[in-house]
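Open the model in your viewer and keep the selection panel at hand. The stops below go one selection at a time and say what to look for at each.

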Amino acid sequence: MSATGPSDDPEGRASILPAAADQPDPPRRDFLTLLTGATVLVGAGAFSWPFLDSLRPEGSGDAAPPLDVDLSRVVPGQQIVVVWRGKPVFVVRRTPEALQRMRGAALRQKLRDPDSHALQQPAYAANWHRSVAPEWGVMVGICTHLGCVPGYAPAPGGGAPDWPGGYACPCHGSRFDLAGRVFQGSPAPLNLPVPPYRMIASDRLRLGENNDSGSFGLDDIQQL
Amino acid sequence: MAGPRHDDVSGSDRPPPPGANEQSAAEAPVGPLSYGRFGGPPTSDLPPGAPPLAHWIDARLPVLSYLRREYVEYPTPRNLNHLWNFGAFITVTLVLMILTGLFLALNYEPSVAGAFASVEAIDRQLPSGWLLRSIHMAGATLFFAALYVHIFRSLYYGSYKRPRELLWLTGMLLMFMVMATAFFGYVLPWGQMSFWGASVIVSAVSAVPLLGHALAALLQGGAILGDVAIHRFFVLHFLLGFAIAGVVGLHVLALHVTGSNNPAGIEARGPGDTLPFHPYYTSKDGLGLVVFLLIYAALVFFAPGWLTEADNYLPADPAVTPAEIRPEWYFSPFFAILRAVPSRSGGVLLAGLSVLLLCLMPWLDRSPVRSARYRPVYRPMVIVLAMAFLTLLAAGLHPPNGIWLLLSRIAAGCWFGFFVLLPFVHRIETPRTLPGQLAVADPA
């Protein structure tokens with residue numbers, strides 16, 4: 001005490017400061033200080049929650065509104081691309097011949113996940129055509145390899161002799177069939193994602209609402 | 001300066017620093033102000049019991065000993081009452097305002113097309129955004145409430161008097177800055193009250209003699225109150241928040257030069273009159289803060305809409321003025337003066353003067369006695385001043401007719417009368433006998 005100098009001399013307030021010798025062990029003040037400090041720390045920690053919470057990435061929780069897509073002017077074999085939640089969504093009208101090829105046993109053997117076991121689509125799209133109606137394919141057009149947008153190559157043959165028609169990624173050569181199923185030997189590990197959607201009429205679909213009562217959302221997809 | 005300086009623990013067995021080669025240590029200029037400058041040994045102001053790392057840091061950057069001197073040992077009058085908590089309340093509110101303001105600014109869009117929608121999105125879509133905005137809005141109210149009590153405390157106990165004139169003036173500057181910040185912030189949501197409040201203020205500014213029109217044009221930045229104005233207001237709001245934090249630093253610095261005034265208004269004369277700031281006033285401020293934050297939390301969680309106008313949740317419409325334009329309660333007293341005067345420039349002038357006169361307090365009040373406790377004439381006067389303020393506040397929230405117009409005129413008369421009479425009070429006033437020391441003035 002005395003080493004800190006004359007201004008700290010407790011003589012002047014001897015009547016209000018308890019003598020050091022009276023302190024219990026451990027001193028009551030140390031206990032109170034620790035208790036106060038701990039309370040303040042817990043409070044500050046709790047108070048930091050709304051600040052950190054507000055920095056959560058936008059779009060989680062499927063806050064974006066649904067988007068209706070008019071299909072009446074899409075001809076067989078044509079694909080349109082709509083942007084939903086900032087992502088390109090392929091809507092493709094598959095011809096009966098293309099559907100035939102998609103069911104072929106020869107193609108099945110070349111696919112990595114022909115039966116859609118990986119969670120890349122809602123339950124109602126885990127079928128051979130990976131969609132609600134076989135004619136209409138709906139996929140998020142983002143390659144599961146490194147995020148490029150695959151090109152649409154529907155004509156059979158093409159560059160490769162046994163090409164059944166599908167998608168080819170310009171970045172690293174990943175290939176998918178017209179149901180978005182990935183070919184073996186592609187760098188992409190998984191099928192193209194299928195977003196939640198619902199057919200509200202035979203020529204109209206709504207992105208962002210499920211065809212069943214489920215709560216499937218983009219966040220549930222294994223890799224987007 | 002509490003106690004001797006201590007050599008840096010590691011300094012004694014080290015070679016002299018480079019640059020000191022030409023001069024031996026004995027010849028190095030070592031004085032009380034050298035602070036180890038130009039090759040002197042690094043010294044620390046901390047007591048010898050402090051950890052070696054603390055000594056090492058303090059010898060090079062004496063923040064620790066500064067904090068210890070100003071916020072631990074700092075001698076504080078022993079008789080401060082709870083009115084002395086309000087400075088701490090304001091500081092804490094300012095920190096909360098800057099924090100929430102930063103996070104709101106991350107999500108705000110300063111444009112006519114986007115402002116209203118972005119504020120709605122903060123309330124409805126941003127995770128915890130409603131809470132951040134609620135804290136920011138309730139903070140504005142509590143900031144002013146605490147500020148007005150803080151100012152009244154200074155008026156009542158004569159804290160503005162010599163040698164604390166600059167402390168008072170930095171405080172007045174802060175009040176003006178806080179008012180400007182609150183106004184700019186209120187405009188940002190771009191609702192009906194925001195827009196029409198801004199229109200009224202810009203017109204009022206243009207009514208100021210001489211500079212008015214130029215200043216109003218500068219604020220508005222275009223033919224109409226639009227994108228340019230919103231952007232300017234946003235930047236000014238953001239900038240002023242931090243500028244206030246800086247001036248608060250000066251205000252506290254000035255306070256620590258003279259030390260706090262106290263309810264008796266006489267200077268502390270010795271160790272018997274003061275207590276170390278820690279733990280006595282840290283705990284007293286802490287207790288006050290707990291109560292203050294409880295009220296704050298009650299406003300945020302239970303009454304987030306209580307202090308806002310429903311009209312401000314309608315998007316700004318330059319074609320329709322809301323039926324009843326009311327300022328926020330904290331501007332209401334000045335708004336009441338503005339309306340009480342039946343002249344455009346006269347009202348603006350008197351409303352401005354009503355605040356500016358406060359700045360002259362250290363020179364208008366010529367009595368050597370500080371505390372109203374010992375001043376039989378000044379005490380009722382300052383109480384009337386406070387009541388006039390509250391009456392103007394209430395009058396400003398009511399339509400300007402009938403009893404409220406009359407009351408606002410009487411109260412405005414009392415407000416200005418106070419400042420007119422003040423320079424003559426010391427001639428007729430016989431102060432009560434001042435106590436010799438604080439222990440006698442306010443026994444524990």
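Select β2 and β3 of chain A: they form a hairpin with two residues between them. In the turn, R85(A) has a positive phi of about 50°. This is a predicted model, and every stop on the tour should be read that way. The two strands, β2 (residues 79-84) and β3 (residues 87-93), run antiparallel and are joined by six bridges. To see one facing pair, pick V82(A) and look across to β3(A), where V89(A) stands opposite.

Now show chain A as a whole. It has three helices and nine strands, in the order α-β-β-β-α-α-β-β-β-β-β-β along the sequence. Of the 224 residues in chain A, 37% are buried. Among its contacts between residues at least 6 apart in sequence, 60% join residues at least 24 apart.

Switch to chain B. Chain B holds 16 helices and four strands, and its C-alpha atoms fill a box of roughly 80 × 60 × 45 Å along the principal axes. Buried residues account for 49% of its 444 residues. For contacts in chain B between residues at least 6 apart in sequence, the share joining residues at least 24 apart is 80%.

Colour chain B by its two parts: domain 1 (60-316) and domain 2 (326-437). Their C-alpha centres lie 22 Å apart. Where they touch, 42 residues of domain 1 and 37 residues of domain 2 of chain B take part in the contact.

A second colouring can follow the database record. In an unreviewed UniProt entry, residues 53-264 of chain B are annotated as "domain: Cytochrome b/b6 N-terminal region profile". That span is 74% helix and 1% strand, and its end C-alpha atoms lie 42 Å apart. UniProt, again in an unreviewed entry, lists residues 267-436 of chain B as "domain: Cytochrome b/b6 C-terminal region profile". Here the end C-alpha atoms lie 10 Å apart, with 59% helix and 2% strand in the span.

Zoom in on L155(B) and show its surroundings. Leaving out residues up to four places away in sequence, L155(B) touches Y160(B), W168(B), L358(B), M361(B), Y378(B), V382(B) and L385(B).

Return to chain B and select helix α6 (residues 165-187). Its 23 residues reach 34 Å from first C-alpha to last, close to the 33 Å expected at 1.5 Å a residue. Is this helix enclosed or open, and why? Because 17 of its 23 residues are buried, α6(B) is largely enclosed by the rest of the structure.

The remaining stops are details of the backbone. Most residues other than glycine have a negative phi, and most peptide bonds are trans.

- P163(B) sits in the loop between α5 and α6 of chain B.
- P279(B) lies in helix α10 (residues 277-302) of chain B.
- Look for S128(B) in the loop between α4 (115-124) and α5 of chain B. S128(B) is buried, with a relative accessible area of 11%.
- W190(B) is in the loop between α6 and α7 (192-206) of chain B. Its relative accessible area is 5%, and W190(B) counts as buried because that value is under 20%.

Conventions: Residues numbered from 1 in each chain as written. Chains lettered and ligands numbered in written order. Predicted model: local features only at pLDDT ≥ 70, side-chain atom pairs only at ≥ 80, totals over all residues. Heavy atoms only, no water. Contact = heavy atoms within 4.5 Å. Pairing = 2+ DSSP bridges. Expected span 1.5 Å × (residues − 1). Buried < 20%, exposed > 50% of the residue type's maximum accessible area, 1.4 Å probe, protein only. UniProt positions renumbered as here; feature names shortened; annotations may be inferred. Domains from an automatic or database assignment.
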